[in-house]
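Have the sequence and the 3D view open side by side.

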Amino acid sequence: MSGRVRIGVDSGGTFTDIALYDETAGTIAVWKLGSTPGDPSQAIAAGVAEAISRFAPPGAVVGYFGHGTTVATNAVIERKGALTGLLTTEGFRDVLEIGRQTRPSQFNLRRHRAAALAGREHRLEVAERTSWDGEVLRPLDTAGVLRAAKQLRAAGVEAIAVSLINSYRNPDHERAIGVLLRELLPDVFVTLSTEIAPEYREYERTATAVANAYVGPLMARYLARL
């Protein structure tokens with residue numbers, strides 16, 4: 001007897017949960033085992049194999065595989081992501097530190113914020129400027145981009161986020177920087193803010209791009225193994 005099964009996996013820091021749905025019988029079975037933090041894909045592979053052997057009908061075909069994980073979340077919480085750099089427009093190097101007015105304990109002068117995911121020494125400015133409506137006010141200084149890329153390479157960064165002011169209205173400069181970085185630093189994970197969060201407000205867009213870069217190399221290795 002054969003049939004189709006659907007498998008869902010939730011990979012957490014402590015446990016990996018497997019759910020197997022038999023489309024023919026209409027039944028659901030759940031399987032749990034300890035996670036393997038050093039390589040979460042090991043627990044996923046082992047758990048799926050055990051769930052299929054125990055609960056799937058003989059000869060069943062896996063018609064769907066869904067996967068959720070907290071690997072990226074845990075990396076941010078535990079500060080175990082990649083050494084990350086940021087390229088941004090001149091004058092906006094510290095946007096991650098400045099943030100927004102709305103924040104917890106607004107008037108508490110002794111409150112300490114968590115350090116930015118990209119340290120200030122790895123946040124570099126490039127000469128360029130785009131207006132609020134997407135008009136190029138200052139052309140991109142490609143020579144400056146190359147100098148910044150070489151500086152970040154010398155610093156040993158594994159990932160670089162690019163977030164330019166008003167790029168959500170005109171992404172051409174970010175795209176040009178992305179091409180240069182991927183040619184010069186092929187082993188570095190590059191995130192362009194306009195590729196993942198093409199929205200106004202430079203802090204939110206920059207923070208999102210930096211977070212994606214911070215976990216990108218880790219997730220790329222993890223998914224490749226999986």
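Predicted model: local features only at pLDDT ≥ 70, side-chain atom pairs only at ≥ 80, totals over all residues.

Residues are numbered from 1 along each chain as its sequence is written, and side-chain values use heavy atoms, with hydrogens and water left out.

**Salt bridges**

A salt bridge here is a side-chain nitrogen of Lys or Arg within 4 Å of a carboxyl oxygen of Asp or Glu. By this rule there are 13 salt bridges.

| Pair | N to O distance |
|---|---|
| R225 and D39 | 2.9 Å |
| E78 and K80 | 3.3 Å |
| R182 and E195 | 3.8 Å |

The R225 and D39 salt bridge ties together distant parts of the chain, 186 residues apart: R225 is in helix α7, and D39 is in the loop between β3 (27-34) and α1 (40-55). Helices (H or I, at least four residues) and strands (E, at least two) are DSSP runs, numbered from the N terminus. Is D39 buried or exposed? D39 is buried, at 14% relative accessible area, while R225 is partly exposed at 42%.

In the E78 and K80 salt bridge, E78 is partly exposed, with 44% relative accessibility.

The R182 and E195 salt bridge also links distant parts of the chain, 13 residues apart, with R182 in helix α5 (residues 172-184) and E195 in helix α6 (residues 193-196). R182 counts as partly exposed at 39% relative accessibility, and E195 counts as exposed at 52%.

There's a network too: D94, E97, R120 and R123 are linked by salt bridges.

**Pockets and a cavity**

On a 1 Å grid over the protein atoms alone, a cavity is a set of points where a 1.4 Å probe fits but cannot get out, and a pocket is an open set with protein on both sides within 12 Å along at least five of seven lines; lining residues have an atom within 4 Å of a point. Grid points are joined across faces, edges and corners, and a volume is the space filled by probe spheres set on the points.

The largest pocket has a volume of about 320 Å³. Which of its 19 lining residues are closest to its centre? They are P37, P40, V71, N74 and E78. Helices α2 (71-77) and α7 (202-225) are the elements that each give two or more residues to this lining. By class, the lining has six nonpolar, ten polar and three charged residues. For this count, Ala, Val, Leu, Ile, Met, Phe, Trp, Tyr, Cys and Pro are nonpolar, Asp, Glu, Lys and Arg are charged, and the others, Gly among them, are polar.

The second largest pocket holds about 220 Å³. Among the residues lining it are R79, E97, R113, Y203 and V210. Which element gives the largest share of this lining? That is α7, with four residues. The lining divides into nine nonpolar, no polar and three charged residues. One of the lining residues, E97, also belongs to the salt-bridge network with D94, R120 and R123.

How many cavities of 30 Å³ or more are there? The count is one, and the largest cavity has a volume of about 30 Å³. Its lining is made by T88, F92, V95, S163, L164, I165, E202 and T206, which by class are four nonpolar, three polar and one charged.

N166 is not a glycine, yet it has a positive phi of about 60 degrees. N166 sits in the loop between β9 (159-163) and α5 and is buried, at 13% relative accessibility.

R201 is not a glycine either, and its phi is positive at about 85 degrees. R201 lies in the loop between α6 and α7 and is partly exposed, at 38% relative accessibility.

Conventions. Buried < 20%, exposed > 50% of the residue type's maximum accessible area, 1.4 Å probe, protein only.
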